2 protein chains.
Amino acid sequence: MRATVIYGPKDVRVEEVPDAAVQKPTDAVVRNVLACICGSDLWAYRGVAKREPGQRIGHEFLGVVEEVGADVTSVTVGDLVVAPFVWSDGTCEFCAEGLQTSCPHGGFWGSVGSDGGQGEAVRVPYADGTLVKLPKDARSDERLLTAMLALSDVMATGHHAALAAGARPGAPVAAVGDGAVGLCDVLAAKRLGAERIIALGRHEARTAIARRFGATDIVPQRGEEAVAAVRELTKGVGAHAVLEAVGTEESMRTAISVTRDGGSVGYVGVPHGGSAGVDIHQMFDRNVALRGGVAPARAYIPELLKDVLAGVIDPSPVFDMSVGLEGVPGGYAAMDDRTALKVRVTF
Amino acid sequence: MRATVIYGPKDVRVEEVPDAAVQKPTDAVVRNVLACICGSDLWAYRGVAKREPGQRIGHEFLGVVEEVGADVTSVTVGDLVVAPFVWSDGTCEFCAEGLQTSCPHGGFWGSVGSDGGQGEAVRVPYADGTLVKLPKDARSDERLLTAMLALSDVMATGHHAALAAGARPGAPVAAVGDGAVGLCDVLAAKRLGAERIIALGRHEARTAIARRFGATDIVPQRGEEAVAAVRELTKGVGAHAVLEAVGTEESMRTAISVTRDGGSVGYVGVPHGGSAGVDIHQMFDRNVALRGGVAPARAYIPELLKDVLAGVIDPSPVFDMSVGLEGVPGGYAAMDDRTALKVRVTF
């Protein structure tokens, strides 16, 4: 089969690899219908996150079950399924409590020896613990399929940020970052009942989506100016719930600074750089909490899926470019130079 | 009157100062019965936290109301009262939600122009928002008075850490630090229902109090060895609720490292040093939350007082040395060289 392989900075290729196949009785093979490129893939693409030359890449995919191992009971051949961005066994204490990202048998797509999401098919370990079945009749609805693809990572991650920050009715929200996760932060906060949502971002095409997703105010400034602007919008005190979706020291510093005393930063941006942006003195003096991390998408997909199917949320607008599998390298380049927000891969 | 004044590193003196007096209609004057020295006073004593030469010092006191301003309604002359370690107006949105430490009219005892707690009497701004009345008949019960004195800071701070960390039945707890707050962390976690409480500390006199307060296990190691020891005691996963009461980079690193995935660090140690101990990568990968800060003692005193009066908790054993007011400089020296755990000042 063909799949995306990363060899080094700015060097991703689509090439022939061994066919995905069931290796253990708990495996399934999914033939992809849709996949996509994540902002976090760019850290590997740019050489910031290290990869072995020849590793697969991609961790968001949706497709049809093509083969199942003997022990798989929750899905069967022909089922339409979506995968969260980590696999998990579904039986350990962490899976039981909804923190599948800490499953001791879990792992990331594209890690050494595993298939990545940006390929024709994927071997899925622990299929019962990992895959979520989708309605088969959704197959013909491209917009709906695209919205469901977002559940594999960005929408689930936005939801994690919103939960961690304590987004709720009556609590002003600020969302730092206008990438796909930052936009999903807004949608997730809105879904949890926040009425006032301040989106920090300066790219007009993106802030337009933020408004569509529920943002009531846009703050294009950065750094100290952004902090002043958010405070001005919140009677001088800052936002109760702040969602951080970037992961740089600067964005973390901004997130903490715009949080109201006693409020929380829900952070889901993969941290790049050290802890210097975590201003512990400011957090201490003002009782600002820091919560979040890698989102247990598997825990959230069922409830988010209900709302996608009911038309309550539609994260599909975060995809603004589509490529076929052979176009994946071009998709990376487009996201890298920010001409694309998020690239969908069709098969 | 006589009060403690700080002039520089290792230079605290007891000297004549202007008598405490009502200056505003919302003030009260409290004549002290008991006061004490805090571990956080040592940061000023050691010159790490800067003070203007001539500033008062001390922020924990309990005494009798001697004079009230015209607008004071909640306490009257002759009432026995305890003060939290910050004053607050009692009427703002932060006070209303129990975050009195963020009151815009609040302040710290001993800040420039205000009385400190280690003196014969104290002018209390916003007496209605600040002071908590105690039963008058407690006056004759020295142990009870001492236990109530602990509510002004260390017991309330331990409770804040326990709440922030999510101490509760069924969740193993680890308490980092064996100072007075670290010991109160243990007592607070026990009070909230934790059955398994691991205290990290190596001073036997202190760990003996930890055991008395509810610690089930003592870990005398530090750094990586402490992390290994706590993990061994918790089936390899760490403690759900970790209370940090030291404030150094090393203790924060230890606290985060011994926290179970998905758990929380409740930190109340005044941060000294930067954010380097806040390992954001580890926190992200394992969804470890960081919550806490300066404790809104005023919010907690009423409920903790009930339990002190009912004999449910007794934090008085954290005091292991008593001095009169003239002995305060010697008390600082004893705490500085760790021959005393916490020094009580009697009047």
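First thing I asked: is Gly274(B) buried or exposed, or partly exposed? I found it partly exposed, because its relative accessibility is 37%; buried means under 20% relative accessible area, exposed over 50%, and partly exposed is in between (1.4 Å probe, protein chains only).

Ground rules before going on. This is a predicted model, where local features need pLDDT of at least 70 and side-chain atom pairs count only at pLDDT 80 or more, while totals for chains, interfaces and linings use all residues. Residues are numbered from 1 along each chain as its sequence is written, chains are lettered from A and ligands numbered from 1 in the order in which they are written, and side-chain values use heavy atoms, with hydrogens and water left out.

**Entry: around Gly274(B)**

I placed Gly274(B) in the loop between strand S15 (259-267) and helix H10 (280-286) of chain B. Helices (H or I, at least four residues) and strands (E, at least two) are DSSP runs, numbered from the N terminus. Leaving out residues up to four places away in sequence, Gly274(B) touches Ile280(A), His281(A) and Glu249(B); contact means heavy atoms within 4.5 Å. Glu249(B) sits 25 residues apart from Gly274(B) along the chain, with 7.1 Å between their C-alpha atoms.

**Entry: where chains A and B meet**

I then looked at the whole contact, which takes 36 residues from chain A and 35 residues from chain B. The buried area is about 2,800 Å², with 57% from carbon and sulfur atoms; buried area is the accessible area (1.4 Å probe) that two parts lose on being put together, summed over both. On the chain A side, Ile280(A), Phe284(A) and Asn287(A) lose the most area to chain B, together 25% of what that side buries.

I noted four salt bridges across the interface of chain A and chain B, where a salt bridge is a side-chain nitrogen of Lys or Arg within 4 Å of a carboxyl oxygen of Asp or Glu. Arg260(B) and Glu93(A) meet in a salt bridge at 2.6 Å, N to O. H10(A) gives the most to the side of chain A that touches chain B, with six residues.

**Entry: helix H6 of chain B**

How many of the 12 residues of H6(B) are buried? I got 10, so this helix is largely enclosed by the rest of the structure. Among them are Leu183(B), Cys184(B), Asp185(B) and Val186(B). The cover includes helix H5 (154-165), helix H7 (204-213) and strand S14 (239-244) of chain B. After H6(B) comes Gly193(B), with a positive phi near 105 degrees.

**Entry: the two domains of chain A**

The domain assignment of chain A gives domain 1 (2-153 + 296-346) and domain 2 (155-292); such bounds come from an automatic or database domain assignment. Their centres, taken over C-alpha atoms, are 26 Å apart. I logged 22 residues of domain 1 of chain A in contact with 21 residues of domain 2 of chain A. Between them they bury about 1,900 Å², 67% of it on carbon and sulfur atoms. In domain 1 of chain A, Tyr300(A), Arg338(A) and Leu341(A) lose the most area to domain 2 of chain A, together 30% of what that side buries.

This domain interface has three salt bridges by the rule. I also checked Asp307(A), which forms a salt bridge with Arg191(A), the closest N and O atoms being 2.6 Å apart.
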